Amino acid sequence: MNGASETDRNARAWAERPLLREIYAGFHRRIAAEIPGGGGAVIELGSGIGSFPDAILTDVFVRQWLDVACSAYRLPFRDGSARAIVMFDVFHHLARPAAALAECARVLACGGRVIIFDVYVSAASFPVYQLHPARVRWRAPIDLSPEPPADDAYYTGQGNATRLFFGGVAAGFSRPVQEIGRLKPTATQAFSAWHYLLSGGFSKPALYPRRALPLLRWIDEHLPPKIFGGRCLVVLEKR
């Protein structure tokens, strides 16, 4: 399934699933807490269904709810014009993440941030993510070339954020990266997200009723992320 058709399917699911909307509102609050104040735009890349509030919404295709159609490797924004760029479930679709992040750095003002919200692969979540069509690709090479790819062919590597920003011998990166695309990681947080994984997401039936969401969130807060983690939040800053 390509990105455009997946987005249309997800838009239908979004309208039909109040549990999913409530879960994402919590994720959006985590992201919003990392957006710096001051002037400059907040831009979301790969906005898909366009659910993130108060941002310029972009994607590689045209939809009526999006503001700009563009590639993450070629952003139509001025140098230093943004204070934050948000990537929600986008990082694992970047075939050349260093090239995309270098373009983000160009658009960011000094002190601006790229905020990545993505998959975190732990011992418990690995088999769940392996069931997804966009598999983890745990040992596949990650292309850190500084040049953009020749095209925007659909790519997935769900383990990429975990491998690059959290490291681990099994991931092929014994130490987390210290700088990527001219940006430095200033915060990396993994957390359990079984309230999301058991919700069925956009494509599968929910395994619990909406009224159980507060309890599952409470359980997630008390599970160790290295074992049970399923999501991560990474903040990269332009110094």
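Helix α7 spans residues 213-221 and contains Leu 215, helices (H or I, at least four residues) and strands (E, at least two) being DSSP runs numbered from the N terminus. Leu 215 is exposed, with a relative accessible area of 52%; exposed denotes over 50%, buried under 20% and partly exposed the range in between (1.4 Å probe, protein chains only). Together with Trp 218 and Ile 219, Leu 215 makes a nonpolar surface patch of about 310 Å².

The model is predicted, with pLDDT of at least 70 required for local features and 80 or more for side-chain atom pairs, whereas totals for chains, interfaces and linings use all residues. Residues are numbered from 1 along each chain as its sequence is written, and side-chain values use heavy atoms, without hydrogens and water.

Seven strands form an open sheet of mixed pairing in the order β3-β2-β1-β4-β5-β7-β6, where pairing requires at least two DSSP bridges between two strands. Because β3 (68-69) and β6 (184-192) are at the edges with a single partner strand each, one side of each is left without a neighbour in the sheet. Strand β1 (residues 41-45) runs parallel to β4 (residues 82-88), to which five bridges join it; Leu 45 has Met 87 of β4 as its bridge partner. Two bridges also link β1 in parallel to β2 (residues 56-59), with Leu 57 of β2 as the bridge partner of Glu 44. Strands β2 and β3 are likewise parallel and joined by two bridges, and Asp 59 has Ala 69 of β3 as its bridge partner.

Technical notes: Patches are made of residues with over 30% relative accessible area and no salt bridge: like charges are joined within 9 Å, nonpolar side chains (Val, Leu, Ile, Met, Phe, Trp, Tyr) within 5 Å. Accessible areas come from the Shrake-Rupley method with a 1.4 Å probe; for residues, only the protein chains shown count as cover. A salt bridge is a side-chain nitrogen of Lys or Arg within 4 Å of a carboxyl oxygen of Asp or Glu.
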